[in-house]
Amino acid sequence: MPIPEFVVELRRHVRHAPLWLIGATAVVLRGTGPTEEVLLVRRADTDEWSPVTGITEPGQEVHESAVREVLEETSVVAEVERLVWVSTTEPVTHVNGDQAQYVDHTFRMRWVSGEPAVGDDENHEARWWPTSGLPPMRPHFGDRVTVALSDPDVVLLGNPPVRPGR
């Protein structure tokens, strides 16, 4: 389901007005060293590659929503290793005109089982990519992958990491 039912119900009242929502990004890894891979999806709304993202349902723990979204969108079972970044996205206007802004929680996750397969209508494709050869992504999605691959003792809050050339 692309839009959670609680958001559909809110939209009946607020139409396209901005909503403040809790999001989760799942950077799922498999393998180690030179064979390490990251699970990415090619999104139906933009036709661009990204890690799995989603909205946390009311009453749900944010890390549980990351696990749920990975399974729903890619048919892969993954477990959370750690929270790596909490940030606020720029305001977003979705293709249907809905406006939102997200408090995103990026999780480094580890593959448990399953092979990627598109599980819903949110994506056109799901597959593993070598961490040494990722496809082009929007900077904010690339930043999330970079942070998940970085120092395991750091949780970033707020501003994105510095990318080369910035």
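## Before we start

Two strands count as paired if DSSP finds at least two bridges between them. Helices (H or I, at least four residues) and strands (E, at least two) are DSSP runs, numbered from the N terminus. This is a predicted model, where local features need pLDDT of at least 70 and side-chain atom pairs count only at pLDDT 80 or more, while totals for chains, interfaces and linings use all residues. Residues are numbered from 1 along each chain as its sequence is written, and side-chain values use heavy atoms, with hydrogens and water left out.

## The overall picture

Let's zoom out. The protein has nine strands and three helices, and along the sequence they come in the pattern α-β-β-β-β-α-β-β-β-β-α-β. Its C-alpha trace spans about 50 × 35 × 30 Å along the principal axes. For 166 residues, a compact globule would have a radius of gyration near 15 Å, and the protein agrees with its 15 Å. (That radius is taken over C-alpha atoms, and the globule rule is 2.2 Å times the number of residues to the power 0.38.)

How much of the protein is buried? Buried residues make up 42% of the 166, where buried means under 20% relative accessible area, exposed means over 50%, and partly exposed lies in between (1.4 Å probe, protein chains only). The accessible surface comes to about 8700 Å², and 57% of that belongs to carbon and sulfur atoms. Accessible areas come from the Shrake-Rupley method with a 1.4 Å probe; for residues, only the protein chains shown count as cover.

Now for contacts, meaning heavy atoms within 4.5 Å. Of the contacts with a separation of 6 or more, 70% are between residues 24 or more positions apart.

## Strand S1 and its partners

Strand S1 (residues 19-30) is mostly covered, with ten of its twelve residues buried. Which way do S1 and S7 (residues 99-113) run? They run parallel, joined by eleven bridges, and Leu-29 stands opposite Arg-110 in S7.

S1 also pairs with S4 (residues 52-55) in the antiparallel sense, over four bridges; here Ala-24 has Gly-54 as its bridge partner. With S2 (residues 37-43), S1 pairs in the antiparallel sense over two bridges, and Arg-30 has Glu-37 in S2 as its bridge partner. The hairpin of S1 and S2 has six residues between the strands, and in it Gly-31 takes a positive phi near 85°.

Look for Trp-129 in strand S8 (residues 123-130). Trp-129 is buried, with a relative accessible area of 13%. Trp-129 and Arg-30 sit 99 residues apart in sequence, but 9.7 Å apart in space, C-alpha to C-alpha. Leaving out residues up to four places away in sequence, Trp-129 touches Glu-36, Glu-37, Val-38, Leu-40, Trp-49, Leu-134 and Pro-135.

## An enclosed helix and a surface patch

Why is helix H3 (residues 139-148) described as largely enclosed by the rest of the structure? Because seven of its ten residues are buried, including Phe-141, Arg-144 and Val-147.

Out on the surface, Leu-71, Val-77 and Val-112 form a nonpolar patch with about 220 Å² of accessible area together. Patches are made of residues with over 30% relative accessible area and no salt bridge; like charges are joined within 9 Å, and nonpolar side chains (Val, Leu, Ile, Met, Phe, Trp, Tyr) within 5 Å. A salt bridge is a side-chain nitrogen of Lys or Arg within 4 Å of a carboxyl oxygen of Asp or Glu. Val-77 is found in strand S5 (residues 77-88) and is partly exposed, at 34% relative accessible area.
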